[in-house]
Amino acid sequence: MLLREQLDQLSYSDWALFWQAEAAKPYFAELDAFVTQAAVSHTIYPAAQNIFAAFRACPLEKVRVVILGQDPYHEPGQAMGLSFSVPDDCKTPPSLKNIFKELDAEWGPVPHRHNDLTFWAQQGVLLLNTVLTVERGAAFSHAGHGWETFTRAALDYLTAHGQTPLAAILWGKPAQKYAPLFQAAAQQRPVLVLESAHPSPLSAYRGFFGSAPFGKVNAFLQAHGEAPIAWQ
């Protein structure tokens with residue numbers, strides 16, 4: 001099965017115990033069967049080897065920030081397994097453009113930006129979506145098939161492991177449903193939860209612009225003895 005095969009190739013990761021536990025559950029078998037069949041009958045994104053890229057790029061022990069999106073980009077050449085990120089040679093999607101506009105508003109413009117946000121992940125930013133696969137041209141087409149259960153379990157596992165400060169940036173209503181997981185973790189570690197509208201052009205002017213999430217996260221991290229994220 002497609003998903004199990006990808007997880008087996010990441011057995012070296014410090015997320016491995018989590019994956020082993022989830023892969024043994026009935027819902028995951030159903031999810032794996034759905035995604036495997038979808039990949040046969042349709043084009044899905046991201047490429048199979050990148051479905052779990054967020055976990056590969058950001059080891060469990062290094063996670064300091066979670067940016068939770070909705071589902072992968074659904075047009076060719078965009079999705080790379082990290083929420084909101086696309087390859088540098090790809091045209092900047094509208095949501096990412098708005099993220100960069102908010103960064104400019106907080107920190108000032110820069111001469112060059114990277115569409116590939118791997119450098120955020122390398123600093124401990126888990127770039128995760130609530131749903132990890134999508135059919136070409138059909139946003140949220142893989143919602144309701146088990147990915148939400150997987151994401152909830154991953155965030156449960158994350159919040160239960162470690163006592164270091166953890167910030168969560170939740171953009172859009174699907175992401176905001178996970179806020180209680182982070183809020184509950186505040187009993188054992190410092191937690192910051194930031195909720196706002198999604199950066200999509202359809203909603204960015206309803207609370208995303210002006211929310212200043214990047215500065216708030218850095219202020220929180222520094223207040224608890226952690227280095228800030230170099231967002232720029």
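This is a predicted model: local features need pLDDT of at least 70, side-chain atom pairs count only at pLDDT 80 or more; totals for chains, interfaces and linings use all residues.
Q: At what angle do α2 and α7 pack, and how far apart are their axes?
A: The geometry of a helix pair is read from its angle and its axis separation. Helix α2, residues 16-23, packs against α7 at an angle of about 145°, and the two axes are 11 Å apart. The handedness of the pair is a further item to read: α2 and α7 make a right-handed crossing.

Q: How is the packing of α3 and α7 described, by angle and by distance between the axes?
A: Helix α3 spans residues 26-41 and helix α7 spans residues 147-160; they pack at an angle of about 130° with axes 9 Å apart. That angle makes α3 oblique to α7. As for the handedness, α3 passes α7 in a left-handed crossing.

Q: Which residues make the contact of α3 with α7?
A: On the α3 side they are Tyr27, Phe28, Leu31 and Val35, and on the α7 side they are Trp147, Thr149 and Phe150. By class, the residues of this contact divide into six nonpolar, one polar and no charged.

Q: How do α5 and α10 cross, and how far apart do their axes come?
A: The axes of α5 and of helix α10, residues 213-223, come within 8 Å and cross at roughly 60°. The two helices are therefore oblique to each other. Ile99, Glu102, Leu103, Glu106 and Trp107 of α5 form the contact with Pro213, Phe214, Gly215 and Asn218 of α10. The classes here are five nonpolar, two polar and two charged residues.

Q: How many bridges join the neighbouring strands β5 and β6?
A: Bridges show which strands pair and which residues stand opposite one another. Six of them join β5, residues 166-171, to β6, and these strands run parallel. Along this pair, Leu166 stands opposite Val191 in β6, and Ile169 stands opposite Leu194. Elsewhere in the sheet, β2, residues 65-69, pairs with β3 in the parallel sense over five bridges. The bridge partner of Ile67 in β3 is Leu127.

Q: Are the residues of β3 buried or exposed?
A: Five of the five residues of β3 are buried, so this strand is largely enclosed by the rest of the structure. Both of its faces are covered, with Val125, Leu127 and Asn129 on one side and Leu126 and Leu128 on the other.

Q: Where is Gly124 found, and is Gly124 buried or exposed?
A: A single residue is read by its place, its accessibility and its neighbours. Gly124 lies in the loop between α6 and β3. Its relative accessibility is 0%, so Gly124 counts as buried. Leaving aside residues up to four places away in sequence, Gly124 touches Cys58, Lys62, Val63, Arg64 and Val65. The C-alpha atoms of Gly124 and Leu60 are separated by 8.6 Å, although these residues are 64 residues apart along the chain.

Q: In which helix is Ser95 placed, and which residues does Ser95 touch?
A: Ser95 belongs to helix α5, residues 94-107. With 10% relative accessibility, Ser95 counts as buried, because the cut-off for burial is under 20%. Again not counting residues up to four places away in sequence, Ser95 touches Phe84, His198, Pro199, Ser200 and Pro201.

Note on methods. Residues are numbered from 1 along each chain as its sequence is written. Side-chain values use heavy atoms; hydrogens and water are left out. Axes are lines fitted to C-alpha atoms, for helices over the stretch in contact, and angles run from 0 to 180 degrees between N-to-C directions. Helices (H or I, at least four residues) and strands (E, at least two) are DSSP runs, numbered from the N terminus. Angles under 35 degrees count as roughly parallel, over 145 as roughly antiparallel, 65 to 115 as roughly perpendicular and the rest as oblique. A crossing is left-handed if the near helix is turned anticlockwise from the far one by less than a right angle, and right-handed if clockwise. Contact means heavy atoms within 4.5 Å. Ala, Val, Leu, Ile, Met, Phe, Trp, Tyr, Cys and Pro count as nonpolar, Asp, Glu, Lys and Arg as charged, and the others, Gly among them, as polar. Two strands pair if DSSP finds at least two bridges between them. Buried means under 20% relative accessible area, exposed over 50%, partly exposed in between (1.4 Å probe, protein chains only).
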